[in-house]
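Good morning, and thank you for coming. Please look at the sequence and the structure as I show them now.

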Amino acid sequence: MQKVKSSQYLQKAKPLLKELLCRAQKEYSYVSILAVDAQAYTYQVTAAMMSMGEDALQSSRGFVIRAYDGQAYGEYSSNDISKEGIGEILRQLRRVVDLKKCEGIPSQSQYGMLADEPCVFAKSTECEIDPAEMGDEAILRTLTALKDQCMAYDERVINSGAVFRYQKYSKLFLSPHRDMEQNVMWSNGALQIMVQKERQIKYSFEGFSKLGGAELLDAMGEAIGRIGKKAVDLLSAEPMIPGEYDCICTPEVTGMIAHEAFGHGVEMDMFVKDRALAASCVGDYVASPMLTMHDGASLQGWPETASYFFDDEGTLSTDTIVIQDGILKSGISDAQSAMDLGTAPTGNGRRESYRRKAYTRMTNTWFEPGKDRLEDMIASISYGFMLEDASSGMEDPKNWGIQMMVNIAREIRDGKFTGRIFSPVVLTGYVPDLLKSITMMSDKVSLCGSGMCGKGYKEWVKVSDGGPYIKARIRLG
């Protein structure tokens, strides 16, 4: 294993950033600087094409300075820092803070000064194989080999694709009492197999994720058999018969339920805006007493692609218990929403880039395991389905509605799979009803962080989610 390396760009810029901080301290009660150097690359191979390049959304290099003058907070961001330009940066920051006061930003009686307890460290995550050291050609060769194995799975395969992407980012957070550095790398992969029978075309996919490097490519090859089998099975899929059924959700479906049902719903900037029903339900039973849910970026929690050492406001990462034994205990928050609500920030203040505002965002969201064996859960179903391959979802935090698309529902009758498959499947319901219906949970948990999450339709950040297999009563259509 090797440590993810520091950014030479940030190390070179740090003395100038400290000078900027020192000069700004003479004008403001509170000042902080977040500096970012992030590089992300995507590699893709299909039967028809091959490509690689930098991912513009997840690559950025610059800094944002935040200041508080006793009345209002203002921020100014830039990708240019020089000794000669510090004066202009301070002038622009002053203009932004003054504009905030003109807009009627609440006074100090409502927004006090952010906490700034002393904290100094430089930490890095680890990887076995640095993709940059492995090289573009070697990565593309490996993906081509994976694509070829997928194409050879069955004579009905007409196309396949293999994708690998990674991001390596370094961040500095500087304030009067804080000097923190983190260097983090995550990797994602995806395999897809498309099959055809007469005029019918179906596909199956699987995502892969790791807080680490190109060693993820090894795990992808091991999944080709099960992805191919799912694709072929889908050629005999039937339309779903709408109704309410006893269902077992695989961990990736469980994870999407956690993400959509109580992830967005407990982002506490939505509490401030009165856009989340959960704000009035803290302390209430909202799920089965079997269920405990976490969200947290802490590497001592469940390390995945959304793990880090501190958030984009300099708050150390935590592991927040959102639901404990069925009771809603807490939301997750950025620093400003926590200040509004009189709570402690949970380390969930995240920016799409240094150019964007910090919002309350999920990190690694998951349900704790139960004590049941999967085979006992299947045997307990008189008639129902195993739900697999969640593909998309949406939620209504104001009314606790949920809707998800699932690619596969395997029929279970008298505790055994019948071999019948239904697809596609829409999962809908009222969140507390769904979560309160959980009666069994498996004794193993898995998470996947192959996706990203937006705040509405924008502000994309990396997230992961998961949990155990769960048995619940669910409306399908």
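I shall speak about a pair of helices, then the strands, and finally some backbone angles.

First, the basis of the talk. This is a predicted model, in which local features need pLDDT of at least 70 and side-chain atom pairs count only at pLDDT 80 or more, while totals for chains, interfaces and linings use all residues. Residues are numbered from 1 along each chain as its sequence is written, and side-chain values use heavy atoms, with hydrogens and water left out.

Helices and strands are DSSP runs, numbered from the N terminus: a helix is H or I with at least four residues, and a strand is E with at least two.

Let us begin with helix α1 (residues 8-25) and helix α2 (residues 86-102). Which residues make the contact? From α1 they are L16, E19, L20, R23 and A24, and from α2 they are I86, G87, I89 and L90. Contact means heavy atoms within 4.5 Å.

Next, please find A67, in strand β4 (residues 60-68). Is A67 buried or exposed? A67 is buried, at 0% relative accessibility. Buried means under 20% relative accessible area, exposed over 50%, and partly exposed in between, with a 1.4 Å probe and protein chains only. Beyond its neighbours within four places in sequence, A67 touches several residues, among them Y28, Y30, L93 and V97.

We come now to the sheets. In general, strands of a sheet pair through backbone hydrogen bonds, either parallel or antiparallel. In this analysis, two strands pair if DSSP finds at least two bridges between them.

D295 has T365 of β17 as its bridge partner.

Elsewhere, 12 bridges join β18 to β19, again an antiparallel pair. A390 stands opposite V406 in β19. These two strands form a hairpin with 4 residues between them. Strand β19 is also joined to β21 by 6 bridges, antiparallel, and M405 has V426 of β21 as its bridge partner. With β20, strand β19 forms a hairpin with 2 residues between them, where D414 in the turn has a positive phi of about 55°.

Finally, the backbone. Most residues other than glycine have a negative phi, and most peptide bonds are trans. W400, in the loop between β18 (383-396) and β19 (401-413), has a positive phi, near 60°. W400 is buried, with a relative accessible area of 3%. E459, in strand β25 (residues 458-462), also has a positive phi, near 55°. Where is the cis peptide bond? The bond runs from S423 to P424, with omega near -10°.
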